[in-house]
Amino acid sequence: MMRQAIASKATSAVRQRELRYFDNNATTRVAPEVIEAMLPFLRDYWGNPSSVYQFGKQIAGHVEKARAKVAAFVNADPKEIVFTSCGTESNNSAIHSALVLQPDKRHVVTTAVEHSANINFCQFLEKRGYEVTFLPVEPDGSLDLHLLDKSIRKDTAIVSVMWANNETGVIFPVDEVAAICRSHEVLCHTDAVQAAGKLNVDVKALGVDFLSLSAHKLYAPKGIGMLYVRQRTKYQPYIIGGHQERSRRGGTENVASIVAFGRAAELAVSNLDDQNARVQSLRNRMEETILKTIPDTVRNGAKDARLPNTSSIAFDFVEAEALLMQLDQKDICASSGSACTTGSLEPSHVLTAMGLSPMRARGCVRFSLGIYNTDDEVDYLLKNLPSIVARLRSISPPSSVHPDNGTNETETAHKRHKERTGTALAHKNR
Ligand code: PLP
């Protein structure tokens with residue numbers, strides 16, 4: 001039994017070493033420093049922070065220290081930080097609070113390219129009689145701020161716009177979105193789950209009322225997130241129960257993970273610029289080489305207004321799922337979009353909203369790099385990818401229709417999408 005356990009430990013260590021992980025937007029490896037910081041709170045300090053005796057109070061003190069670190073990471077006051085279970089809960093909570101506290105306002109503005117953590121909640125709201133405007137995006141994934149401004153109505157309760165897209169890395173100008181919201185006196189929420197750790201997060205400079213983060217994108221464990229609630233913004237808890245989190249989120253605190261989040265935030269603050277510069281140069285080398293050496297490949301999304309780590313590439317005449325399986329055979333991890341939609345046969349809603357034809361969207365792969373990626377790993381990917389793509393193309397008969405149709409189907413599809421959304425917008429704004 002003992003020998004088996006040792007063998008399985010050894011195998012998993014070898015596997016870790018062999019893995020070339022290019023899926024850091026799905027989740028990140030927990031940093032050794034973070035594991036170190038959280039272990040005492042599983043092993044020794046396991047009490048309940050709400051308990052009145054010293055053992056509990058001591059633990060509550062560590063929760064507050066972690067809160068201060070997370071607050072410093074986003075330039076907030078610790079009182080403005082509510083720990084949640086994940087980014088999804090944070091997004092749902094912000095929108096829910098805005099609607100419950102303004103019962104006469106039954107309209108939400110968001111975008112067509114949000115994460116399912118937001119899109120699916122908004123669709124759920126639509127089924128319950130709320131109105132939601134899903135703003136279209138441009139072919140490069142950017143947002144038309146004039147359209148956003150026009151879509152805000154007297155009965156708009158909240159505008160919820162992601163900061164950086166999880167599939168393409170495209171960045172929205174959230175500070176400008178927040179300024180537009182302020183001019184209409186409408187609440188503004190941003191899903192900063194992918195931005196954190198890759199861009200400097202400063203809630204004061206952004207001017208938002210709510211901001212969501214998730215620790216597992218920041219080299220901390222899964223199951224812990226936070227919602228920034230700007231001081232004096234009225235807030236209605238989403239999870240109703242005990243008086244934890246100053247009565248803003250019921251449920252005994254996930255102490256070890258909160259401590260881990262604090263440590264990850266601290267590490268991110270001290271290393272952000274250097275690490276991002278290194279990751280960006282790796283990403284650029286990878287992307288430029290793929291686009292140059294593999295025919296019929298296209299980058300999705302704006303080149304510059306983009307996260308430093310993300311690259312979404314269309315491999316025409318290839319099914320992304322087949323490509324991912326072949327990469328997996330070589331211990332290379334990447335994905336065809338959001339981890340939450342993997343396995344779905346539908347083409348990505350983000351890419352189709354940008355006007356990609358469903359055929360091209362089905363051939364798109366996202367490579368998202370992180371602080372543990374190395375030059376050697378990128379070399380390994382670049383060595384293996386061209387032959388895999390060529391093999392897949394040779395076994396699937398070439399389609400008579402080009403994914404972009406040679407007649408710029410991208411533009412046509414995007415025009416159609418915009419027309420549909422524009423008509424819907426005009427209809428709703430009547
Ligand atoms: N928002 C974005 C942009 C994301 O990428 C994700 C996760 O991939 C989420 C929200 C959901 O975060 P969580 O997995 O912590 O619920």
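Modeller: Here's a tour that starts at the ligand and then moves out into the strands, a helix and a few loops.

One thing to keep in mind from the start: this is a predicted model. So, the ligand. It has 13 residues around it, and the closest are Thr88, Asp191, Gln194, Ser214 and Lys217. If you sort that shell by class, you get seven polar, four nonpolar and two charged residues.

Thr88 has a side-chain N or O atom 2.5 Å from an oxygen atom of the ligand. Lys217 also puts a polar side-chain atom 2.5 Å from a ligand oxygen. For Gln194, the distance from a polar side-chain atom to an oxygen of the ligand is 2.8 Å. How much of the ligand does the protein bury? On its own the ligand would expose 390 Å², and 92% of that is buried by the protein.

Now zoom out for a moment. The protein has 430 residues, and 54% of them count as buried. Its secondary structure comes to 16 helices and 12 strands. The accessible surface is about 19,700 Å², with 54% of it belonging to carbon and sulfur atoms. Look at contacts between residues with a separation of 6 or more, and 75% of them join residues 24 or more positions apart.

Back towards the ligand, then. Asp191, one of the closest residues to the ligand, sits within the span of strand β6, which covers residues 187-191. That strand runs parallel to β5, and five bridges join the two. On the other pairing of β5, strand β3 (residues 107-111) is also parallel, this time over three bridges. As for β5 itself (residues 156-162), seven of its seven residues are buried.

Ser214, another of the closest residues, brings us to the loop between β7 (210-214) and β8 (225-229), where you'll find Tyr219. Tyr219 counts as buried because its relative accessible area is 14%, and the cut-off for buried is under 20%.

Is Arg246 buried or exposed? Exposed, because its relative accessible area is 53%.

Next, follow helix α11 (residues 255-293) until you reach Asn276. Asn276 counts as buried because its relative accessibility is 13%. Its side chain reaches the backbone oxygen of Gly197 at 3.3 Å, and a polar atom of that side chain is 3.2 Å from the backbone oxygen of Lys198. Setting aside neighbours within four places in sequence, Asn276 is in contact with Gly197, Lys198 and Pro308.

From there, head to strand β10 (residues 310-315), where six of six residues are buried. In a regular strand the side chains alternate between the two faces of the sheet. To find them on screen, look for Thr297, whose bridge partner in β10 is Phe315, and for Ala314, which stands opposite Cys364 in β12.

Last stop: Pro49, in the loop between α3 (40-43) and α4 (54-74). Pro49 is buried because its relative accessible area is 12%. Its C-alpha is 8.1 Å from that of Gly61, 12 residues apart along the chain. Not counting residues up to four places away in sequence, Pro49 touches Gly56, Ile59, Ala60, Val63, Glu253 and Val255.

Key: Residues numbered from 1 in each chain as written. Predicted model: local features only at pLDDT ≥ 70, side-chain atom pairs only at ≥ 80, totals over all residues. Heavy atoms only, no water. Near = heavy atom within 4 Å. Polar contact = N/O pair within 3.5 Å; in protein donor to acceptor, adjacent residues only side chain to side chain. Areas by Shrake-Rupley, 256 points an atom, 1.4 Å probe, with all protein chains shown as cover. Nonpolar A, V, L, I, M, F, W, Y, C, P; charged D, E, K, R; others polar. Helix = DSSP H or I, 4+ residues; strand = E, 2+ residues; numbered from the N terminus. Buried < 20%, exposed > 50% of the residue type's maximum accessible area, 1.4 Å probe, protein only. Contact = heavy atoms within 4.5 Å. Pairing = 2+ DSSP bridges.
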